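Student: I'd like to learn how to read a structure model. Can we go through one together?

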Amino acid sequence: MINKELLYKIIGQLLFLEAMLMGCCFVIAFFFHEDDTLAFLESTIISIFAGVVLKLFGRHADNSMSRRDAYLVVTLCWVIFSLFGTLPFLISGYITHFTDAYFETMSGFTTTGATIIDDVEALPHGLLFWRSLTQWIGGLGIVFFTIALLPSMVGGSVKVFAAEATGPIKTKLHPRLSTNAKWIWVIYLVITMACTASYWLGGMGVFDSINYAMTTTATGGFSTHNTSTEFFHSPTLEYVCTFFTFLSGVNFTLLYLTVIKGKVSLLCKNTEFKFYLFLVGIFTLIITIELMARNGYDVEHAFRCGIFQVVSFITTTGLFNDDAGTWPHVTWVVLAVCMFFGACSGSTSGGFKCIRGVMVLHVIKNEFRQILHPNAVLPIKIDGSNVPNQKRVTLLAFLTVYLILCLITSFTMIAMGIDNTNAITITLSSIGNVGPSLGLNIGPTMSWSSLPDVCKWMCAVMMLVGRLEIFSVLVIFTPEFWKER
């Protein structure tokens, strides 16, 4: 049986957290004396009231959580957080359509960064901050943030973490999960603060620095200007953005061991990091050459645009410093591959993840060797650790379902009249939590407002499925999940 009272209790407590976040935005709106002040006040009150009601329903709950409860509570938390996150947009009147508001909020919390707002500069400061804050909280995970902040709030936190964490291999820093969460959030916070300071020193205003830092370290991509980082016309800021975006695509556990523990050699030896670095390097080289040869860019400009867009796409951030829609079409293929792979597991990025790419390459290599040596027992080792057969099966199942979902979603969009390039890249962008698409009708610098409502809901679902790594969501829809035990 599903422990309903425990679900009510946890979701009610998490709504208090969301109310607190809205309260922060209320302060921002009040400070700037703008017309979204009342919207945030009302949204905060509604969220608190809903939290109290759910807490009352779950007042007799214990903290005994099964694996089924964990998967259900994580999915419901993201769905309900996004539902209440629409309130500031709807009450303020800046987004009048519920579908658009939910799309925008889900895109925020899942750090996808796709937007239906054509003119973000028309938004007041409070709503701009809310968009950035949703991405920053969603970067490492809503429930993961809660475990770090209030470990006693989420019962069965180890199971919950397993349902929300990214990547096939989880590395523990400390025996207690709450201690793990706190240290990783310390790394996250330090990177955000360093990024904020760097943006400010590079010439951004304080408000822009904070917003761009939150969406950079969350690899989200929401911006306070219609033209993203291109607005500032500053190579310095673009290099700063590239550096911190790349850093946020590295496994946070690896960053902790490298920086806090001083084990720099681990970074140099880590297989996933080396693969990530290789992909960024080779893709940047290809695009740099293409831009110089076909678009007439000088070396520095081509390299800066190339590395910025490659890092932005592979970390699934989605910020831009140039319109990739005007680039040679071969560069679109490169960026689409970046969309698919994503950066490292245990980071804030989405996508397939580099560690899975490494594992797939090992499986393919072993298959060739197995043909020549049929009786050989060929292990797969990643950084000295053997990958058990179960994880190999899970890997291939994940890849298969990932591709099937991409195929079904793309086919549906094409059937609804969306051109092939847009349909495929919008799908990859949604399930990989990337943000921009590639195409002529909805290019990398455009909003997704022209999509039909059905497509927006499909994209919102794909964002959630991609952020929670597919199986955590899809398992809920299996008959076995709801069978009595």
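**Cysteines, a helix pair and a threonine**

Student: How many disulfides does a search of the whole structure find?

Tutor: A disulfide is a covalent bond between the sulfur atoms of two cysteines. Here the search of the whole structure finds 0 disulfides, counting a pair of cysteine sulfur atoms within 2.5 Å as one. Cys241 is in no disulfide, and its nearest cysteine sulfur, on Cys195, is 7.0 Å away. Cys241 is also buried, at 1% relative accessible area (buried means under 20%, exposed over 50%, partly exposed in between, with a 1.4 Å probe and protein chains only).

Tutor: Before we go on, this is a predicted model: local features need pLDDT of at least 70, side-chain atom pairs count only at pLDDT 80 or more, and totals for chains, interfaces and linings use all residues. Residues are numbered from 1 along each chain as its sequence is written, and side-chain values use heavy atoms, with hydrogens and water left out.

Student: At what angle do H14 and H17 pack?

Tutor: Two packed helices are described by the angle between their axes and the distance between the axes. Helix H14 (residues 271-294) meets helix H17 (residues 354-372) at about 100 degrees, with axes 9 Å apart. So H14 is roughly perpendicular to H17 (65 to 115 degrees; under 35 is roughly parallel, over 145 roughly antiparallel, the rest oblique). Axes are lines fitted to C-alpha atoms, for helices over the stretch in contact, and angles run from 0 to 180 degrees between N-to-C directions. Helices are DSSP runs of H or I, at least four residues, numbered from the N terminus.

Student: And where is Thr425?

Tutor: Thr425 sits in helix H19 (residues 420-431) and is buried, with 5% relative accessible area.

Notes. Helices (H or I, at least four residues) and strands (E, at least two) are DSSP runs, numbered from the N terminus.
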